[in-house]
Amino acid sequence: MGLDQYGMIGVKTEKRTDTDTGKEYVVKMADQEFYWRKHARLQDFMEKLWVEKTGRPDVELNCNDMVLTESDIDQLEKAVLTGYAENISEGGFFYGHQFQEESVKEHMEYDHQFVTAARQAMAEGTQVVYHCWW
């Protein structure tokens, strides 16, 4: 168990029907997907952004989609460049906060790749979404 995080570019949904039950369900797909595991400081950044965007500190980001804007990506890039200095994770049992400094170093290049891909997608009019669950 633990924190799984996704940066999804070009999200599409498709309705499908279960062949056994006949019930409809929705499948979410992305043209490009970035995946992080227990990147605690990225999660702290995104949770603060979630509260800023929704104004709802009582609603968790967990299992919700957050559409990112160019401004959000600019803020994320600044956070990455500073090693997420303003995003120290206090925990969350599943977040991996115990090794957050190592995680920042390990994911730095990948975080930059996400920022670059997100900017390019947005310039082309494509939506970028952050999703997590624990």
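In which sense do strand β1 and β2 pair, and over how many bridges? The legends below open with that pairing.

The structure is a predicted model, in which local features need pLDDT of at least 70 and side-chain atom pairs count only at pLDDT 80 or more, while totals for chains, interfaces and linings use all residues. Residues are numbered from 1 along each chain as its sequence is written, and side-chain values use heavy atoms, with hydrogens and water left out.

View 1. Strand β1 (residues 4-17) pairs with β2 in the antiparallel sense over 13 bridges. Two strands are said to pair if DSSP finds at least two bridges between them. Helices (H or I, at least four residues) and strands (E, at least two) are DSSP runs, numbered from the N terminus. Val 11 has Ala 30 of β2 as its bridge partner. The hairpin has 6 residues between the strands, and Gly 22 in this hairpin takes a positive phi near 80°.

**View 2. The largest nonpolar core.** A nonpolar core is a set of buried Ala, Val, Leu, Ile, Met, Phe, Trp, Tyr and Cys residues joined through side-chain atoms within 4.5 Å. Buried means under 20% relative accessible area, exposed over 50%, and partly exposed in between, with a 1.4 Å probe and protein chains only. The largest such core has 29 residues, and Met 46, Leu 68, Leu 76 and Phe 114 are those with the most contacts inside it. Two or more residues each come from β2 (24-37), α1 (40-54), β3 (65-68), α2 (70-81), α3 (100-123) and β4 (128-133). Helix α3 gives the largest share, 7 residues. Contact here means heavy atoms within 4.5 Å. With neighbours within four places in sequence left aside, Leu 68 is in contact with Met 46, Leu 49, Ile 73, Phe 114, Met 122, Val 128 and Tyr 130.

View 3. The 15 residues of α1 should span 21 Å at 1.5 Å a residue, and its end C-alpha atoms are 21 Å apart, which agrees. The expected span of a helix is 1.5 Å times one less than its number of residues. Buried in α1 are Ala 40, Arg 41, Leu 42, Gln 43, Asp 44, Phe 45, Met 46, Leu 49 and Trp 50. These buried residues of α1 pack against β1, β2, β3, α2, α3 and β4. Lys 48 also has its place in helix α1, but is partly exposed, with a relative accessible area of 45%. Beyond its neighbours within four places in sequence, Lys 48 is in contact with Glu 86 and Asn 87. Gly 55 follows α1 and has a positive phi, near 70°.

View 4. With 12 residues, α2 reaches 17 Å from its first C-alpha to its last, close to the 16 Å expected at 1.5 Å a residue. The buried residues of α2 are Asp 72, Ile 73, Leu 76, Ala 79 and Val 80. They cover an arc of only 115° around the axis, so they are on the same side of α2. The arc is that of the directions from the helix axis to the C-beta atoms. On the other side of α2, the residues Glu 70, Lys 78 and Leu 81 are exposed. The buried residues of α2 pack against α1, β3 and α3. Just after α2, Gly 83 takes a positive phi of about 70°.

**View 5. Aromatic pairs.** Rings of Phe, Tyr and Trp (its six-membered ring) pair if their centres lie within 6.5 Å; planes under 30 degrees apart count as stacked, over 60 as edge-to-face and the rest as tilted. By this rule there are 7 aromatic pairs. Phe 34 and Trp 36 form a stacked pair, 6.4 Å centre to centre with 20° between the planes. Phe 34 is buried at 5% relative accessibility, and Trp 36 is buried with a relative accessible area of 1%. The rings of Tyr 95 and Trp 134 have centres 5.4 Å apart and planes at 70°, so this pair is edge-to-face. The pair links distant parts of the chain, with Tyr 95 in the loop between α2 and α3 and Trp 134 in the segment after β4, 39 residues apart. Ring pairs also link Phe 34, Trp 36, Tyr 110 and Phe 114 into a cluster.

**View 6. Ser 89 and its surroundings.** Ser 89 lies in the loop between α2 and α3 and counts as buried at 6% relative accessibility. Leaving aside neighbours within four places in sequence, Ser 89 is in contact with Ala 40, Asp 44, Tyr 95, His 97 and Gln 100.
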